[in-house]
Amino acid sequence: MSTAVIHYIDEPHPVTGVTNSKLGIWLFIASEIMLFGALFSSYIILRVGNPAWPQGWTVLNVPLATLNTMILITSSVTMVMSWAALMTNRFDRFRLYMGLTILLGLGFMVVKGFEYSHKFHHEHFPWTNNFYGIYFTLTGLHGLHVLGGILVNLYFLLTGSKLWKANPTMFAGRIEAAGLYWHFVDLVWIFLFPSIYLL
Amino acid sequence: MSHAAEDIKKHVRTYIAVFVALAGLTVVTVGVSYLHLTMPIAVTVALVIATIKSSLVAAYFMHLISERRLIHSILVTTLLLFIAMILIIFFTDQGVMSRGIHS
């Protein structure tokens with residue numbers, strides 16, 4: 001049985017100038033922009049059409065969401081530092097920063113858990129009204145993205161050393177791709193936070 | 001590795017600076033929200049700050065500032081479609097627009 005070789009994942013493709021993995025992750029992010037864009041568009045239409053729409057800060061916990069914003073921003077820095085560590089051949093530092101990124105991601109999920117349980121306790125559910133419908137849909141889908149990122153990062157943290165020894169360029173490329181996704185999830189939150197909580 | 005160690009050290013300093021800017025802008029956007037400005041102004045301020053923050057993340061953390069033209073083309077195309085989708089409200093029932101944003 002012949003082994004299938006995927007070309008241009010550790011060197012740039014001569015036509016595109018980037019690795020196929022990088023092109024792939026950017027196309028995925030492009031589709032994600034449209035996914036979240038559709039939900040933001042729905043949010044605007046629902047809100048503009050409803051005179052009784054509450055302002056986010058009157059019903060949601062702004063300090064807790066601010067804390068989560070800071071956590072996510074910090075995790076983006078540790079993520080990019082983990083990639084930078086690989087570029088300077090410091091696998092130990094990669095592990096440190098990747099571990100921190102995962103912990104910060106988990107921290108975000110814990111804070112989100114507190115926020116949701118508080119809402120459920122007060123009987124605010126996605127089906128309560130359009131406000132909570134869009135609130136839970138947007139923050140819930142974003143939370144699932146954070147969870148997905150944590151799992152991918154955990155996989156690279158736990159199994160990375162083998163590929164790092166065999167093909168460091170390919171491994172650094174994978175971490176860069178995982179980082180691009182993680183920064184995108186941070187970017188979505190940067191818009192979600194003011195539009196849901198502060199306005 | 002295409003990046004020299006010295007280059008990466010310079011990058012790291014940039015990452016720290018971007019982090020400080022992002023944290024500062026977060027404080028500003030939350031602070032402004034406590035002023036309870038009128039809706040159009042509040043929306044404008046919040047979106048301008050969010051756009052600056054996301055541009056910093058995209059340019060430096062996602063390396064778009066030194067990325068290939070192909071990636072830029074993909075993103076410009078996507079952003080045009082994204083903007084069209086956000087502006088879809090203008091193509092909907094006239095009554096929705098005339099009611100405006102209620103605070």
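What does the accessible surface of chain B come to, and what share of it belongs to carbon and sulfur atoms? The accessible surface comes to about 6200 Å², with 71% belonging to carbon and sulfur atoms; accessible areas are from the Shrake-Rupley method with a 1.4 Å probe, and for residues only the protein chains shown count as cover.

The model is predicted: local features need pLDDT of at least 70 and side-chain atom pairs count only at pLDDT 80 or more, while totals for chains, interfaces and linings use all residues. Residues are numbered from 1 along each chain as its sequence is written, chains are lettered from A and ligands numbered from 1 in the order in which they are written, and side-chain values use heavy atoms, with hydrogens and water left out.

**View 1. Fold of chain B.** Chain B has 4 helices and 0 strands, in the order α-α-α-α from the N terminus. Helices (H or I, at least four residues) and strands (E, at least two) are DSSP runs, numbered from the N terminus. Of the 103 residues of chain B, 33% count as buried, where buried means under 20% relative accessible area, exposed over 50% and partly exposed in between (1.4 Å probe, protein chains only). Among contacts in chain B with a separation of 6 or more, 56% join residues 24 or more positions apart; contact means heavy atoms within 4.5 Å.

**View 2. Interface of chain B and chain A.** Here 51 residues of chain B are in contact with 55 residues of chain A. The two chains bury about 4700 Å² between them, 82% of it on carbon and sulfur atoms; buried area is the accessible area (1.4 Å probe) that two parts lose on being put together, summed over both.

**View 3. Salt bridge across the interface.** The rule finds 1 salt bridge between chain B and chain A, a salt bridge being a side-chain nitrogen of Lys or Arg within 4 Å of a carboxyl oxygen of Asp or Glu. A:Lys22 pairs with B:Glu67 in a salt bridge, and their closest N and O atoms are 2.9 Å apart. On the side of chain B that touches chain A, the elements giving two or more residues are helices H1 (5-33), H2 (39-61), H3 (69-86) and H4 (94-99) of chain B. H1(B) gives the most, with 13 residues.

**View 4. Surroundings of A:Thr78.** A:Thr78 lies in helix H3 (residues 62-87) of chain A. A:Thr78 counts as buried because its relative accessibility is 9%. Not counting residues up to four places away in sequence, A:Thr78 touches A:Tyr97, A:Leu100, A:Thr101 and A:Leu104.
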